[in-house]
Amino acid sequence: MFKVLPAPTADPILKVMTLFREDPRSAKVDLGLGVYKDPQGRTPVMRAVKTAEQKLVNEQDTKSYTTLSGDPAFRQAMAGLVLGDAADPARLAGTTSTGGTGGVKLGLDLVHAANPGATVWISAPTWPNHMALTKAAGLQWKPYRYYDAETGAVAREAMWQDLESARAGDVVILHGCCHNPTGADLNADDWAQVAAFCNARGLIPFVDFAYQGFGDGLDKDAAGVRLLAGRVERLIVVASASKNFGLYRERTGVCLVQCPEDERALVQGTLETLNRQTISFPPDHGARVVTEILGDAAMRAEWSDELTAMRDRMNGLRRSLARALRDACGSDRFGFLADQRGMFSVLGGTDEQILRLREEFGVYVVGGGRLNMAGLTDESIPQVAKAIAAVL
């Protein structure tokens, strides 16, 4: 029976991860896998997370199920972190999700349940799983141009030209900050235009918010999604705790849906039904850790300080790589790297060039030249800059 299954398409990011692991060279540099790494190349457990986990070990007295939408305290804490006071709780439905990925799938399944004929508009480029998850939800999707490779900035005119074709009831997926893979973000005027555009055309903005705190700060990174929450009637927001809390393997996320108050109960019930049909009760450990941290002033301050240090380190690595590339290339053609935000940037390059970076120089990036800034170190930047200058 299983012989008729179509061969799965290999995930390009996981493929790079496997190739890197199998490379015996000691001077190799992994800029593919999208996880934060410290100067020693580790993905550390944050100090506040350790404190919160120890508190749970000492005090938690049950591992029984919570609810079909997870612990309400977690949803409230995450809504406060993401939306601040921009959203009316009476209009906010939501559920704990299995990471950001599970949250995106939940949001798309909700869209399909409400409007199976909706088209999902996805930035080009984007995180590859956006297309796969949309397809898995039974929805059609179309790209909208987002990135200008010449300037390293948002291709605003092209973006709006493409979205002119969107119809009422369609969904527009947006990156809340630290756009993956380009690092090029919308500014305040752009977010205001998104709100006005969606209101005028009856579109639903869907914000994938995986990197809050990795760009310019927790509140600054949330300014766009908060603006939307204050101006649009319906909004879907998915937030992940994988990056900013370092809870990658705990699969901790939240799917929040803003809607008219008279629709809230129906949306909440549908989200819970979708959970029941897939995972039944959401995972709780990571959610409980986040709730403990956000609800304790000392732990929250410690977490915020460590997150600031991580962000400053990545932004410093961006500037260092841009300077090293300027020296290696004799030009400032990669100067845009210093102005972008988040873990990722896109350098471009053909498949042959990406292969050459890997085979000749031991520099591993994803196809199209996406590189993870957090994979750099002060020691590896000269090697990486030399390789990029030679190949690209």
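Colleague: Before we start, what do the axes and angles refer to for helices?
Modeller: Axes are lines fitted to C-alpha atoms, for helices over the stretch in contact, and angles run from 0 to 180 degrees between N-to-C directions. Keep in mind this is a predicted model.

Colleague: OK, so at what angle do H11 and H12 pack?
Modeller: About 100°, with the axes of H11 (residues 285-295) and H12 (residues 297-329) 5 Å apart. Angles of 65 to 115 degrees count as roughly perpendicular, so that's what H11 is to H12.

Colleague: Which residues make the contact?
Modeller: H11 brings Glu 292, Ile 293, Leu 294 and Gly 295, while H12 brings Ala 297, Met 299, Arg 300 and Trp 303. By type, that's five nonpolar, one polar and two charged.

Colleague: And which residues touch the most other members of the largest nonpolar core?
Modeller: Met 159, Trp 303 and Leu 321, out of 97 residues in that core. H12 gives the most to this core, ten residues.

Colleague: What does Leu 321 touch?
Modeller: Leaving out residues up to four places away in sequence, Leu 321 touches Leu 337, Leu 371, Met 373, Leu 376, Ile 381, Val 384 and Ala 385.

Colleague: Switching to strands: are the faces of S7 covered or open?
Modeller: Both are covered, with Val 171, Ile 173 and His 175 buried on one side and Val 172 and Leu 174 buried on the other.

Colleague: How many bridges join S7 to S8?
Modeller: Five, and the two strands run parallel. Val 172 stands opposite Pro 205 in S8. S7 also runs parallel to S3, joined by two bridges, and there Val 172 is the bridge partner of Trp 121.

Terms used. Residues numbered from 1 in each chain as written. Predicted model: local features only at pLDDT ≥ 70, side-chain atom pairs only at ≥ 80, totals over all residues. Heavy atoms only, no water. Helix = DSSP H or I, 4+ residues; strand = E, 2+ residues; numbered from the N terminus. Parallel < 35°, antiparallel > 145°, perpendicular 65-115°, else oblique. Contact = heavy atoms within 4.5 Å. Nonpolar A, V, L, I, M, F, W, Y, C, P; charged D, E, K, R; others polar. Core = buried A, V, L, I, M, F, W, Y, C linked by side-chain atoms within 4.5 Å. Buried < 20%, exposed > 50% of the residue type's maximum accessible area, 1.4 Å probe, protein only. Pairing = 2+ DSSP bridges.
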